[in-house]
Amino acid sequence: MYFQKFTALSSANILLDLKTSENGLSKNEATVRLKVYGENKVVGKESHWWNIFLNQFKSPFIYLLFFAVGLAFYLGEKIDAIMILIFITINAILGFFQEYHSAKSLQLLKKFVIARARVKRDGKDELINATDLVPGDIVVIETGDVVPADLRIIKVENLTVDESVLTGESAPVNKKNVQLN
């Protein structure tokens, strides 16, 4: 679904366009939309061990070191060339093990951490898995909650957002509801 158009619409027009209300969707409509749009999750490709290993050699500095190895062999400095190759090998092995274990730990964490979202369904607040969010859901966010998807703010009271992951700013940013015509 193409969501860019919703950034310029008023809250009332968004609710009309998504065929929803401030009371949220019915459970039946949410089920239908989940089948149509699929789950709310970002699908990434799985990292295989050989990709992680090959990524250790995708660096301009590593290319420079390989050039130095070739130059050292060309100039007859075999011991220097071998030492540089040993350094590259140690660097690749250490980098591989660190990145491989990090990837495995992240996979394990993803199995145990289930993001949840509070939505309005049939006019009542309900706690659901964030993967079950669909277009038209009214999401209720409170202090300390993680925003579970791309959302359009309809109503807000004293909202500050930590956008440091996106923008690098260390201070929370105040948000307000702007009504468009």
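This report describes a helix pair and a pocket in a predicted model.

## Basis

In this predicted model, local features need pLDDT of at least 70 and side-chain atom pairs count only at pLDDT 80 or more, while totals for chains, interfaces and linings use all residues. Residues are numbered from 1 along each chain as its sequence is written, and side-chain values use heavy atoms, with hydrogens and water left out.

## Helices α4 and α5

Helix α4 (residues 60-74) and helix α5 (residues 78-112) have axes that come within 7 Å and cross at roughly 155°. Therefore α4 is roughly antiparallel to α5 (an angle over 145 degrees). Helices here are DSSP runs of H or I, at least four residues, and axes are lines fitted to C-alpha atoms over the stretch in contact, with angles from 0 to 180 degrees between N-to-C directions.

Contact (heavy atoms within 4.5 Å) brings residues of α4, including Phe61, Leu65 and Phe73, against residues of α5, among them Lys78, Ile84 and Asn91. The residues of this contact comprise 13 nonpolar, 1 polar and 2 charged.

## Second largest pocket

By class, the lining holds 12 nonpolar, 3 polar and 6 charged residues.

Technical notes: Ala, Val, Leu, Ile, Met, Phe, Trp, Tyr, Cys and Pro count as nonpolar, Asp, Glu, Lys and Arg as charged, and the others, Gly among them, as polar. Helices (H or I, at least four residues) and strands (E, at least two) are DSSP runs, numbered from the N terminus. Angles under 35 degrees count as roughly parallel, over 145 as roughly antiparallel, 65 to 115 as roughly perpendicular and the rest as oblique.
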